[in-house]
Amino acid sequence: MIPENIILSENKKELTLEYGATKSVMSAEFLRVNSPSAEVKGHSPAQKKTVSGKRAVSINSIELVGNYAIKLIFDDGHATGIYTWQYLKELFNGKDKIWKEYITELRKKGLNRD
Amino acid sequence: MSDIKTLAIEKLNELNPEYPELIEDIVVANKKIYLSLKTDKSKVDKFTKIKLQIENELAVIDGVDSVSVSLTSHSDAIQAKAIPQENASGVSEVRNIISVASGKGGVGKSTTSINLAIAINQLGFSVGLLDADVYGPSIPKLVGDRQKPKKSKAGKILPIKKYNISLMSIGFLVPEDSPMIWRGPMVISAVNQMLNDVEWGKLDYLVVDMPPGTGDVQLTMAQRVPMSGAVIVSTPQDLALIDARKGIEMFKKVNIPILGIIENMSTFICPNCKNESHIFGFEGAKLEANNQKVDFLGDIPLEIDLRECSDNGKPIILSKTDSVVSKKFLEIAKSVTKKVGDESSSSKPNIIIN
């Protein structure tokens, strides 16, 4: 469950997690709009916010949190998301589905990625 | 369009043979030239002039409506960096941090912590003990010492040295009877201070005596320091085991290995008739360890000696070395250090930033 390597791309827009032979690449935008922070997720599913306009977001820095997570600091100032190994794995496994749901959600609310 | 591009580059070469080398990117679209130039951050003034000059010169090329020159500087871009855990200066030279926890209060965490710390020291390791129970610090009483900690030259707090253990507790800083009437954020900053501002120095082990529960202190510890593992203390009583289970779940959530469960107050042997009574139930913690698939580290009987030594500020492991309890603590220390050695290979990701 713990990735061996966490690699931030040169343009700071892609995060690659390496689990042995499997690799997972996630965009900063994807990670930002799915931040596990209470600012995004709220305290219940009903409070979940749809974050829009993050196409250009990038990751400024990465912090280890204890043994169980990383904190991502985005260049839009968002720095409260603690991504546990488990959550990262969930994001990776459900990447396409989560992304489709997000795009649908944006359309429904008349929002966009820019 | 490509002609305009070629012309533009030639023009730049005419202006100054060095200019073409500065081109990062040049795009021509809809009669517009977009040019980006590498610049040196320290020579902003010079480059601002160059920018104007180039814009004017390129604008006269046939078929060009406008020119847009942008200056880019790489040292200017926000440098992404991997921030090492804020695990802060104070504990940076500590090899292993283990916490002694329980869900419930009053099961003997602090007594276990101090005896375990001394037992680990007797195995030949350098050991510190951090009393993270901010509301009810017990360590000063257990070691019979209330001296105020001194400051190092660097302005850091020096731990109290007693029984060959480096100790820190909020109890050394406030009078014994004065309560800490604090809200969460104060507690968090006190814990951070005991981690960051105390000069722990080089230690093989730092034992952390946790307060009961699964709250601010536990979460702060779990986030601020990479912990090697946790030892759960419980009595065999169901009531205590329910909370111990919560403690175990919490550590699992934050990925801290459970080193095992210690059953405290397991039996009582009457000093007069030698009859054994299971005051808090029989082998409850052992069964729980089995259910939770974690190791059972040992049982500590309820003994008057243990209580007396604790109240007198001289831990039993030092004052009654031949007692059953002391031997048990040594055994537990052996299992704990062995398990930590096995677990420390557990991976930690490399953070690579290009």
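In chain B, α8(B) packs against helix α9 (residues 284-292) at an angle of about 35°, and the two axes lie 11 Å apart. Axes are lines fitted to C-alpha atoms, for helices over the stretch in contact, with angles from 0 to 180 degrees between N-to-C directions. Helices (H or I, at least four residues) and strands (E, at least two) are DSSP runs, numbered from the N terminus. This is a predicted model: local features need pLDDT of at least 70, side-chain atom pairs count only at pLDDT 80 or more, and totals for chains, interfaces and linings use all residues. Residues are numbered from 1 along each chain as its sequence is written, chains are lettered from A and ligands numbered from 1 in the order written, and side-chain values use heavy atoms, leaving out hydrogens and water.

**Exercise 1.** Find which residues of α8(B) meet which residues of α9(B).

*Solution.* 
- Contact means heavy atoms within 4.5 Å.
- From α8(B) come Leu241(B), Arg245(B), Ile248(B), Glu249(B) and Lys252(B).
- Their partners in α9(B) are Gly284(B), Ala285(B), Glu288(B) and Gln292(B).
- By class, this contact has three nonpolar, two polar and four charged residues. Ala, Val, Leu, Ile, Met, Phe, Trp, Tyr, Cys and Pro count as nonpolar, Asp, Glu, Lys and Arg as charged, and the others, Gly among them, as polar.

**Exercise 2.** Describe how α6(B) and α7(B) are oriented to each other.

*Solution.* 
- Helix α6 (residues 184-196) and helix α7 (residues 216-224) of chain B pack at about 40°, with axes 9 Å apart.
- Angles under 35 degrees count as roughly parallel, over 145 as roughly antiparallel, 65 to 115 as roughly perpendicular and the rest as oblique.
- So α6(B) and α7(B) are oblique.
- Residues in contact include Val187(B) and Leu195(B) in α6(B), and Val217(B) and Met221(B) in α7(B).
- The contact of α6(B) with α7(B) has six nonpolar, three polar and two charged residues.

**Exercise 3.** State how many helices and strands chain A has, and their order.

*Solution.* 
- Chain A has four helices and six strands.
- From the N terminus, the order is β-β-β-α-α-β-β-β-α-α.
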